[in-house]
Amino acid sequence: MTQSKLTIAFPLKKPLFSEYLSENSLILPNGKRSKSAIRNSLQASTLDGVFATFFSCATGGVLLSNFLLDLGASNVEIGLLAAIPMLVNFLQPVGAYLGDRTTSRHWYTLLIFSISRLLWLFLLLGIGWFLVDPRQAHNLLVGTLAIVALTHILGALGSPSWVSWMAALVPDRLRGRYFGFRNSAANLTNLLTMPILGVMVSQWDGGTIEGYGIILCVAIAAGIISLCFQFLMADVNPQIWGSDSRSLPKTEPTPPSSAIALPSFLKDKNFRMFLLYFGGWMFAVNLSAPFFNLYLLKDLEIDVSWVTLYNSLAAGANLLMLPIWGKLADRLGNRPLLLFVGILVAITPVLWLATGTHGVVLWVGLPLLHLISGATWAAVDLCSSNIQMEIAPAKQPSSYFAIAAAVSGLAGAVGTTLGGFIATQSAFGGFVGLFAFSALLRLMALLPLLFLQEPRSQSLRQILDNLASFWLKPRLNSDS
């Protein structure tokens, strides 16, 4: 596919792009500004996200958890599966250090993520080995966890560069709308594929493990295709981006981010406040979040096809709400949405205490719970990512993203580990005590947001004044 044939609809107004490009300097590999290059880059990034989501559906989430349960995984091993992606985020500062010393965001990202996705070919070999000799179940379980660990280690090394690449390409005033649209496309993929994949695994004639292997083959191909779309995205040289190209020659690179990030981080009170929120939030969330699917599959013994259907409902709600949250984030700011919607997300674990296997719960309660979760998490995920781009410095922000990911990853890993321990202890009430404790900590984690300052974010008083004027204006017109 050539760049001229990329015709996906893109809901951004051209005048906004023209205005942005006339006021800002995006330094492309040839040193020129190109409006069409940015537009095509964002379209290609959307398609990249669609195929990458299909890959993630098969190599993570409920399908991978169900695969490990079929191999005889314990609660501790399921908790370890959830903790690995967060724990290895502590390597993201190393990834920022390496990525900022390259001259191409594209080639560095391509190298890292192509290796991480091809690693899953070894799991295919392991599944084939297990089908010949079922006694290798434990070895396959350990091998799967090893592949997950290696994959996320590479992902931690590549993520800061990728986030910095997107921060350079997406105009800051359109980030809410663009990432809302991109995430909507990804969630539409999740919505359509998860039920199909769940039914395929559940109903496969050769068994669920063989069925998972077939799905994994297709997922690896989708993961490679997603990387191919990155060839259509404008590359960014981290040695140039963030500097003033009119006053600084290209032969004189900006200071490496690793040389300036740590002192800036120590002096940046606003960023430290964000880290306090982000770390506390990830700890509280991951105390219970990795165990919701486990609770359905193991304790309630609900079939995996039903669980994937519930997850698809959450993805559908996420899909519908993302464009709305994106527009509100651009208008009101990310911090107010994180506060208001965060309260709803915080009390969600309490609602899980009313679940069971009754017909009304299966057909109404659990679907409604997943719809609420999907709609609210759409705002939290979107605004958490965008607010990092808002408060990070313009010059090579990779280290800021990496520090945030490292802190949140470590906190999330500790939360998951502790959650797995609490879930196995009857003295704490098992899942009931775990969900209630997580809800309390989530509410407490929102407090640092009250002291966080975000550029272009409206204050609570401004938001209330706007709401008041919105409701009072029709009444005044009717009275007159």
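## The chain as a whole

The protein chain exposes about 21500 Å², an area worked out by the Shrake-Rupley method with a 1.4 Å probe. What you're looking at is a predicted model, where local features need pLDDT of at least 70, side-chain atom pairs count only at pLDDT 80 or more, and totals for chains, interfaces and linings use all residues. Residues are numbered from 1 along each chain as its sequence is written, and side-chain values use heavy atoms, leaving out hydrogens and water.

Of the 480 residues, 55% are buried (under 20% relative accessible area). The chain has 19 helices and 0 strands; helices here are DSSP runs of H or I with at least four residues, strands are E runs of at least two, and both are numbered from the N terminus. Take the contacts (heavy atoms within 4.5 Å) between residues at least 6 apart in sequence: 85% of them join residues at least 24 apart.

## Where H3 meets H10

Helix H3 (residues 61-70) packs against helix H10 (residues 208-228) at an angle of about 145°, and their axes are 10 Å apart. Those axes are lines fitted to C-alpha atoms over the stretch in contact, with angles running from 0 to 180 degrees between N-to-C directions.

On the H3 side, Leu 63, Leu 64, Phe 67 and Asp 70 make the contact. H10 brings Thr 208, Ile 209 and Tyr 212.

## A look at Ser 114

Ser 114 sits in helix H6 (residues 105-118). With a relative accessible area of 19%, Ser 114 is buried. A polar atom of its side chain lies 3.1 Å from the backbone oxygen of Leu 111.

Technical notes:
Buried < 20%, exposed > 50% of the residue type's maximum accessible area, 1.4 Å probe, protein only. Polar contact = N/O pair within 3.5 Å; in protein donor to acceptor, adjacent residues only side chain to side chain.
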